[in-house]
Amino acid sequence: MQLLYGVPEDIEKWMDLITEVRWNFPGLETQEKLNEHKTSVLKFMDKRQAVCVKEESKIAGVILFSRAYNMICCLAVAPQYRRRGVATMLMDEALANLDKTKEITVSTFRADDEKGIAPRTLYEKFGFVADELIEEFDYPNQKFVLFPVGAERKARQMSINGMVREISCILADCDPTIYLYGSSALNDFRLGWSDIDILVLTEKQISESQANLLVNLRRTMLADEPDNLYYRSFEGAMLTRSAFLANADDRVVYWGTSGERITDRYLLDGFGKTELIESSILLYGKDIRKELRYPDLHELYADVNRHYKTIRKYAQSTGRNFYSFGWLLDISRCIYTLRTGKIISKTKAAEWALQNNLCPDVHALTTALNVRKCPLKYRYDKDTFDYAETLGEVVQHFADVLEKELKAIL
């Protein structure tokens, strides 16, 4: 068998293969869709992004990849050539053309889909890691990612996947849906500072025994993997979908910064609700985001006001820790939301505040932003923590700016 780049003269035999296996590719059900795919293949051929494996004159397998998007777009092997190394040959060539210093993506079938057994095994063999659940052509799929060597996000995603497996196993009879939101979903996670925010919504109430397993799960997993850097960072809540939507009492498992507990109510503020609707990542189960209601501007502004009161009450003085810098980021984000009605990451909000000269102490906000971007760089820096301890007055002066913004609206 020979590996070759596809040329227009191959197109009919190429499409013969695609037609033979189209049952395995959502979006190719009709002749019209096949014709559209044919046009796409010719474009890939023109860019030398289409590769095939031939045995004599017969095409045994094909792959399309995109250098622009750094992704595998389509991989197909004729049934009679499977388990003969064709897919491996195609993947080797495609990956050799993509940028391994950046994330390489591919979408395939979900774990509970029989069609996904072979492709998921192949991608995992090449080092791809299961990522978010998506839909393509109205069909449930999952994104897989090949991370650069040493990428922090690979270790984080593997920890997320491990946590999702444990939660979904404990709640197997409750039909859970699991979302990732917050800094991880906004591409603003910083190891050493950020939390991993998850929300678990179930169809059936969580039993007392399940709740007892879940409330201790972070510590249980950390005991099994004491060197894991992420399990202690998970925060969020687990409750029924109906109680979450109605803000009603329920048996709730809550994980927070200060510990974990079983409680009877969980409310997500307007910031969290907006992030959940706009930027959260589906990790498991059925997507129910269409059932969620956007908080109106009044709710968002009320949340900003609560943040403002918290800042006035608790940030008159600051301690020797990273979170002292966090007050400045929080204020930046609140002002951004008041002016735009939108939610962005804390890092982007601080950058925006600097660009618009909103903070009375530019040095303080610049330092906060630098620490936010590279917390591990500063974790043993005495001068940084000495400075953090002096930020109380700076935070209050920035809160004066937030107060003016609030008075202009409320």
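## Helix 11 and the residue after it

Gly341, which comes just after helix 11, has a positive phi of about 75°. The model is a predicted one, and this angle, like the other values below, is computed from it. Helix 11 itself covers residues 323-340, 18 residues in total. From its first C-alpha to its last it reaches 25 Å, close to the 26 Å expected at 1.5 Å a residue.

Helix 11 is mostly covered, with 14 of its 18 residues buried.

## Helix 10 against helix 16

Helix 10 is formed by residues 297-314 and helix 16 by residues 392-409. Their axes come within 10 Å and cross at roughly 150°. Because angles over 145 degrees count as roughly antiparallel, helix 10 is roughly antiparallel to helix 16. The crossing of the two helices is left-handed.

On the helix 10 side, the contact is made by Tyr301, Val304, Asn305, Tyr308, Ile311 and Arg312. Helix 16 contributes Val395, Gln396, Ala399, Asp400, Leu402, Glu403, Leu406 and Ile409. Sorted by class, the contact between helix 10 and helix 16 has nine nonpolar residues, two polar and three charged.

## Helix 9 against helix 10

Helix 10 also packs with helix 9, which consists of residues 270-279. Here the angle is about 130° and the axes are 8 Å apart. Helix 9 and helix 10 are therefore oblique to each other.

Gly270, Phe271, Lys273 and Thr274 of helix 9 meet Glu299, Leu300, Asp303, Val304 and His307 of helix 10. These residues divide into three nonpolar, three polar and three charged. Val304 of helix 10 is listed in the contact with helix 9 and in the contact with helix 16.

## Lys143 in strand 7

Lys143 belongs to strand 7, residues 139-146. The relative accessibility of Lys143 is 24%, so the residue counts as partly exposed; the cut-off for buried is under 20%.

Leaving out residues up to four places away in sequence, Lys143 touches Thr105, Val106, Ser107, Val129, Ala130, Asp131, Glu132 and Ile134.

## Ala243 in helix 8

Ala243 sits in helix 8, which spans residues 241-246. With a relative accessible area of 4%, Ala243 is buried. Once residues up to four places away in sequence are set aside, Ala243 touches Ala248, Asp249 and Asp250.

Asn321 is 78 residues from Ala243 in sequence, and their C-alpha atoms are 36 Å apart in space.

## The chain as a whole

The protein chain contains 16 helices and 13 strands. Its C-alpha trace spans about 80 × 50 × 45 Å along the principal axes. Of its 410 residues, 52% count as buried.

Among contacts in the protein chain with a separation of 6 or more, 65% are accounted for by residues 24 or more positions apart.

Methods. Residues numbered from 1 in each chain as written. Predicted model: local features only at pLDDT ≥ 70, side-chain atom pairs only at ≥ 80, totals over all residues. Heavy atoms only, no water. Helix = DSSP H or I, 4+ residues; strand = E, 2+ residues; numbered from the N terminus. Expected span 1.5 Å × (residues − 1). Buried < 20%, exposed > 50% of the residue type's maximum accessible area, 1.4 Å probe, protein only. Axes fitted to C-alpha atoms, helices over the stretch in contact; angles between N-to-C directions. Parallel < 35°, antiparallel > 145°, perpendicular 65-115°, else oblique. Left-handed = near helix turned anticlockwise from the far one by under 90°. Contact = heavy atoms within 4.5 Å. Nonpolar A, V, L, I, M, F, W, Y, C, P; charged D, E, K, R; others polar.
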